[in-house]
Amino acid sequence: MDWFILFIAGLLEVCWAIGLKYTDGFTKFWPSVATIVSMVASFILLGLAMKNLPVGTAYAVWVGIGALGTAILGIVLFGESAQMLKILSLILICAGIVGLKLAHS
């Protein structure tokens, strides 16, 4: 269950990172509210997952999910570059996340 909570926390990190783009510097009310709610929920779930997971592993996986998801959505939603080196780097982040999960099992 801790890994599932951590995964949801990572997805919420993606939500608030992408949400920051839509807040326009926190000048747009509803995008700002959604972003702040996502931030708070993400941190709460990360904290809950860390009750039973090692702090280094949990934090690295949380950041990895956030970085991976945010980079992918940056490409899809905002037309950011999808160069081969960038894609390879994202694959390596994904491999790192999987490796950390397997190392903990």
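Is leucine 20 buried, partly exposed or exposed? Leucine 20 is partly exposed, since its relative accessible area is 32% (buried means under 20%, exposed over 50%, partly exposed in between, with a 1.4 Å probe and protein chains only). A note before the views: this is a predicted model, where local features need pLDDT of at least 70, side-chain atom pairs count only at pLDDT 80 or more, and totals for chains, interfaces and linings use all residues. Residues are numbered from 1 along each chain as its sequence is written, and side-chain values use heavy atoms, with hydrogens and water left out.

View 1. The chain has 4 helices and 0 strands, giving the pattern α-α-α-α along the sequence (helices are DSSP runs of H or I with at least four residues, strands are E runs of at least two, and numbering starts at the N terminus). Its C-alpha trace spans about 45 × 35 × 15 Å along the principal axes. Of the 105 residues, 31% count as buried.

View 2. Helix H2 (residues 29-49) brings the largest share, 4 residues, while leucine 20 sits in helix H1 (residues 2-23).

**View 3. H2 meets H3.** The axes of H2 and helix H3 (residues 55-78) come within 10 Å and cross at roughly 150° (axes are lines fitted to C-alpha atoms, for helices over the stretch in contact, with angles from 0 to 180 degrees between N-to-C directions). H2 and H3 are therefore roughly antiparallel (angles over 145 degrees; under 35 is roughly parallel, 65 to 115 roughly perpendicular, the rest oblique). The crossing is right-handed: the near helix is turned clockwise from the far one by less than a right angle, anticlockwise being left-handed.

View 4. The structure holds 1 salt bridge (a side-chain nitrogen of Lys or Arg within 4 Å of a carboxyl oxygen of Asp or Glu). Lysine 86 pairs with glutamate 80, with the closest N and O atoms 3.9 Å apart. Lysine 86 is partly exposed at 25% relative accessibility, and glutamate 80 is partly exposed at 38%. Isoleucine 91, in helix H4 (residues 84-104), is exposed, with a relative accessible area of 52%.
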